[in-house]
Amino acid sequence: MDGLVIKPKWADMILSGVKTWEIRGSRTHKRGTISIIKSGSGLVYGTVELVDCVPLHGPDDVELILGNQDKHHVALGAIKYLKPYAWVMQNPVIYPEPIPYKHPQGAVIWVKLGGGKGE
């Protein structure tokens, strides 16, 4: 399973189901269950289903970003990506206890985890 490294504030919002769009500067073709890792923690806190990737840089990008503020919770001016994308997530599962994992050197966005929870 792949683990997505996210700042703790956003990871908490994603795992609570409040934030269903993660704004990133590149597209992802990954789909299915992914683990959520709080950056700097060395721990996996839960999982979500990554179900879609929506480009937010077309002719209606401002309206799309502002019209979906309740999904991503990021101020328009705080999005610094030239071509932002919304990684769409659903069905969050919070682990009762976070699971440690070994963070590979250089991993910034994705971490390849073993087959089981956080392995």
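Analyst: Two strands pair if DSSP finds at least two bridges between them. Helices (H or I, at least four residues) and strands (E, at least two) are DSSP runs, numbered from the N terminus. Here, S1 and S3 run parallel and are joined by four bridges; within that pair, Gly3 stands opposite Ser35 in S3. This is a predicted model, in which local features need pLDDT of at least 70 and side-chain atom pairs count only at pLDDT 80 or more, while totals for chains, interfaces and linings use all residues. Residues are numbered from 1 along each chain as its sequence is written, and side-chain values use heavy atoms, with hydrogens and water left out.

User: In what order do the six strands form the open sheet?

Analyst: The order is S2-S5-S4-S3-S1-S6, and the pairing is mixed. S2 and strand S6 (110-112) are the edge strands, each pairing on one side only. From one strand to the next, the twist averages 40°. Axes are lines fitted to C-alpha atoms, for helices over the stretch in contact, and angles run from 0 to 180 degrees between N-to-C directions.

User: Are the residues of S1 buried or exposed?

Analyst: Buried means under 20% relative accessible area, exposed over 50%, and partly exposed in between (1.4 Å probe, protein chains only). In S1, five of its five residues are buried. Both faces are covered: Asp2, Leu4 and Ile6 lie on one side, Gly3 and Val5 on the other.

User: Which strands does helix H1 lie across, and what covers its buried residues?

Analyst: Contact means heavy atoms within 4.5 Å. Helix H1 (residues 8-15) lies across strand S1 (2-6), S2, S3, S4 and S5, running at about 140° to S3. Its buried residues are Trp10, Ala11, Met13, Ile14 and Leu15. Their cover includes S1, S2, S3, S4, helix H3 (69-72) and S5. After H1 comes Gly17, whose phi is positive, near 85°.

User: Where are His73 and Asn91, which have a positive phi although neither is a glycine?

Analyst: His73, with a phi of about 60°, is in the loop between H3 and S5. Its relative accessible area is 31%, so His73 is partly exposed. Asn91, with a phi of about 55°, is found in strand S5. Asn91 counts as partly exposed because its relative accessibility is 49%.

User: Which residues make the nonpolar surface patch?

Analyst: Patches are made of residues with over 30% relative accessible area and no salt bridge; like charges are joined within 9 Å, nonpolar side chains (Val, Leu, Ile, Met, Phe, Trp, Tyr) within 5 Å. A salt bridge is a side-chain nitrogen of Lys or Arg within 4 Å of a carboxyl oxygen of Asp or Glu. Accessible areas come from the Shrake-Rupley method with a 1.4 Å probe; for residues, only the protein chains shown count as cover. Val62, Leu66 and Leu76 make a patch of about 220 Å². Leu66 lies in helix H2 (residues 61-67) and, at 45% relative accessibility, counts as partly exposed.
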